[in-house]
Amino acid sequence: MPQTATGQESPDDLLASICRLTKIVLDKLEQGSNEGTLDQAQIRLLGSIATRSHALWQEALNPKPRRSLRREVRETEDRLTDENPGR
């Protein structure tokens with residue numbers, strides 16, 4: 001990946017990396033849920049990673065700080081946990 005003189009990725013490369021990470025995590029979460037091979041801790045970890053990568057993607061698109069983003073991430077994590085109580 002091309003980097004700037006400061007060693008940082010370009011915004012487009014950053015977005016592409018976040019998109020790849022999100023896709024991988026969501027695929028693993030879906031596969032493990034369908035096969036029943038993930039325990040509750042693994043489901044929560046993958047869900048948390050997916051939620052945080054989505055938040056990073058939003059932040060990369062709009063670098064303005066959002067105070068409610070952290071609250072939104074927590075609410076989404078809680079909702080995902082509530083949807084899968086038996087796993």
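The stops below go from the whole chain to single residues.

**Stop 1: the whole chain**

Begin with everything selected, and keep in mind that this is a predicted model. The chain has three helices and zero strands. Read from the N terminus, the order of elements is α-α-α. There are 87 residues in the chain, and 24% of them count as buried. Among contacts in the chain with a separation of 6 or more, 52% are between residues 24 or more positions apart.

**Stop 2: helix α1**

Select residues 11-35, which make up helix α1. How far apart should the ends of α1 be, at 1.5 Å a residue? The 25 residues of α1 should span 36 Å, and the end C-alpha atoms are 36 Å apart, so the two values agree.

Next, pick out the buried residues of α1: Asp13, Leu15, Ser17, Ile18, Thr22, Val25, Leu29, Gly32 and Ser33. Part of what covers them is helix α2, residues 40-61. An α-helix has 3.6 residues a turn, so residues three or four places apart point the same way.

Step just past the end of α1 to Gly36, where phi is positive, at about 75°.

**Stop 3: helix α2**

Select residues 40-61, helix α2. With 22 residues at 1.5 Å each, α2 should span 32 Å; the distance between its end C-alpha atoms is 32 Å, which agrees. The buried residues here are Ile43, Leu46, Gly47, Ser48, Ala50, Thr51, Ser53 and Ala55. Their cover includes α1 and also α3, residues 68-83.

**Stop 4: the nonpolar core**

Show side chains for Val25, Leu29, Leu38, Ile43, Leu46 and Ala50. These six residues form the largest nonpolar core. Both α1 and α2 supply at least two residues of this core. Which helix gives the largest share of this core? That is α2, with three residues. In soluble globular proteins, nonpolar side chains tend to be buried together.

Stay on Ala50 for a moment. Apart from neighbours within four places in sequence, Ala50 is in contact with Val25 and Leu26.

**Stop 5**

Select Leu26, which is in helix α1. Is Leu26 buried or partly exposed? Its relative accessible area is 40%, so Leu26 is partly exposed. Draw a distance from Leu26 to Gly47: the C-alpha atoms are 7.8 Å apart in space, while the two residues are 21 apart in sequence.

Move to Ser53, in helix α2. Ser53 has a relative accessible area of 3%, so this residue is buried. Setting aside its neighbours within four places in sequence, Ser53 is in contact with Ile18, Leu21 and Thr22. A distance from Ser53 to Lys23, C-alpha to C-alpha, gives 9.8 Å for residues 30 apart along the chain.

**Stop 6**

Leu21 sits in helix α1. The relative accessibility of Leu21 is 39%, so it counts as partly exposed.

**Stop 5: the salt bridges**

How many salt bridges does the structure hold? There are two. Side chains of opposite charge can pair when their charged atoms come close.

For one of them, select Lys23 and Asp27. They form a salt bridge whose closest N and O atoms are 3.1 Å apart. Lys23 and Asp27 are four residues apart in helix α1, so about one helical turn separates them. Lys23 is exposed, with a relative accessible area of 52%, whereas Asp27 counts as partly exposed at 36% relative accessibility.

For the other, select Arg52 and Glu77. The closest N and O atoms of this salt bridge are 3.6 Å apart. Arg52 counts as partly exposed, at 46% relative accessibility.

Definitions and conventions:
Residues are numbered from 1 along each chain as its sequence is written. This is a predicted model: local features need pLDDT of at least 70, side-chain atom pairs count only at pLDDT 80 or more; totals for chains, interfaces and linings use all residues. Side-chain values use heavy atoms; hydrogens and water are left out. Buried means under 20% relative accessible area, exposed over 50%, partly exposed in between (1.4 Å probe, protein chains only). Contact means heavy atoms within 4.5 Å. The expected span of a helix is 1.5 Å times one less than its number of residues. A nonpolar core is a set of buried Ala, Val, Leu, Ile, Met, Phe, Trp, Tyr and Cys residues joined through side-chain atoms within 4.5 Å. A salt bridge is a side-chain nitrogen of Lys or Arg within 4 Å of a carboxyl oxygen of Asp or Glu.
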